[in-house]
Amino acid sequence: VRRFYSERRLACAQVKPNEGHYALARLQDAMGTDQVTLVTQNIDGLLQKAGCQEVIEMHGSLWRLRCEDNPHHPTVSFEGAQDGSESCGHCGAALRPDVVWFGEMPYFMDRIAQALRRCGTFLSVGTSGVVYPAAGFVAQASEMGSFCIEVNPAPAGGPFRQVITEPSEVALPRLVDGWLDQPEES
């Protein structure tokens with residue numbers, strides 16, 4: 001398992017964000033983290049590489065390790081290949097990738113629920129829409145009155161009021177530029 005995640009970590013270290021990642025970073029920078037909450041299922045850190053200030057990583061990150069025995073012990077930033085000698089600074093147990101595996105509860109569900117309750121515009125980008133609990137977020141947002149938009153070349157479907165069937169690196173810069181160019185309401 002460590003080798004599997006090490007291979008992904010090494011591969012991701014070579015990948016650069018696309019224009020969609022940069023567009024979301026511009027949006028969050030312009031409007032602030034109190035207005036733009038970014039939640040990702042991805043563990044690659046590309047939103048952070050693009051300059052996003054705050055990202056809720058509900059499935060964890062390739063770039064951290066955590067204690068195998070106690071998930072409440074502090075995580076450790078990590079780059080490169082994991083050789084198995086890494087150990088928890090608190091208890092000495094082995095460290096594993098800080099990634100949510102099937103059967104484990106995603107991280108930050110309370111923060112995500114709060115964001116969904118105050119959401120005015122919900123944007124779903126490039127997801128299959130089948131992995132729960134994230135697959136249910138659009139229904140929750142829609143029920144609370146959010147304007148829901150899907151950006152996906154192969155739409156997953158759901159209660160979206162707008163569907164953009166383009167790749168995120170094409171659609172998001174145009175969408176974000178349009179939002180940021182609108183005059184402020186008085």
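Which strand is largely enclosed by the rest of the structure? Select residues 95-99, strand β5. In β5, 5 of the 5 residues are buried, so the strand is largely enclosed by the rest of the structure. Buried means under 20% relative accessible area, exposed over 50%, and partly exposed in between, using a 1.4 Å probe and protein chains only.

Before moving on, some ground rules. This is a predicted model, in which local features need pLDDT of at least 70 and side-chain atom pairs count only at pLDDT 80 or more, while totals for chains, interfaces and linings use all residues. Residues are numbered from 1 along each chain as its sequence is written, and side-chain values use heavy atoms, with hydrogens and water left out. Strands (E, at least two residues) and helices (H or I, at least four) are DSSP runs, numbered from the N terminus.

**Stop 1: the partner of β5**

Two strands count as paired if DSSP finds at least two bridges between them. Pick S61: its bridge partner in β5 is D98.

**Stop 2: the open sheet**

Now show β6, β7 and β8. They form an open sheet of 3 strands in the order β6-β7-β8, with parallel pairing. The edge strands, β6 (121-125) and β8 (162-164), each pair on one side only. From one strand to the next, the twist averages 15°. Axes here are lines fitted to C-alpha atoms, for helices over the stretch in contact; angles run from 0 to 180 degrees between N-to-C directions.

Zoom in on β7 (residues 147-151), which pairs with β8 over 3 bridges. V151 has I164 in β8 as its bridge partner. Next, select helix α6 (residues 168-181). α6 packs on the sheet, touching β6, β7 and β8, and its direction makes about 160° with that of β6. Contact means heavy atoms within 4.5 Å.

**Stop 3: the cores**

A nonpolar core is a set of buried Ala, Val, Leu, Ile, Met, Phe, Trp, Tyr and Cys residues joined through side-chain atoms within 4.5 Å. The largest has 17 residues; L38, C52, V151, I164 and L172 touch the most other members. At least two residues come from each of α2 (19-31), β7 and α6. Click L172: beyond its neighbours within four places in sequence, its contacts include L24, L123 and V151. A second, separate core of 12 residues includes F122, F137, C148 and F160.

**Stop 4: the cysteines**

How many disulfides are found in the whole structure? The search finds 0; a disulfide is a pair of cysteine sulfur atoms within 2.5 Å. C67 is buried, at 0% relative accessibility. Its nearest cysteine sulfur, that of C91, is 3.6 Å away.
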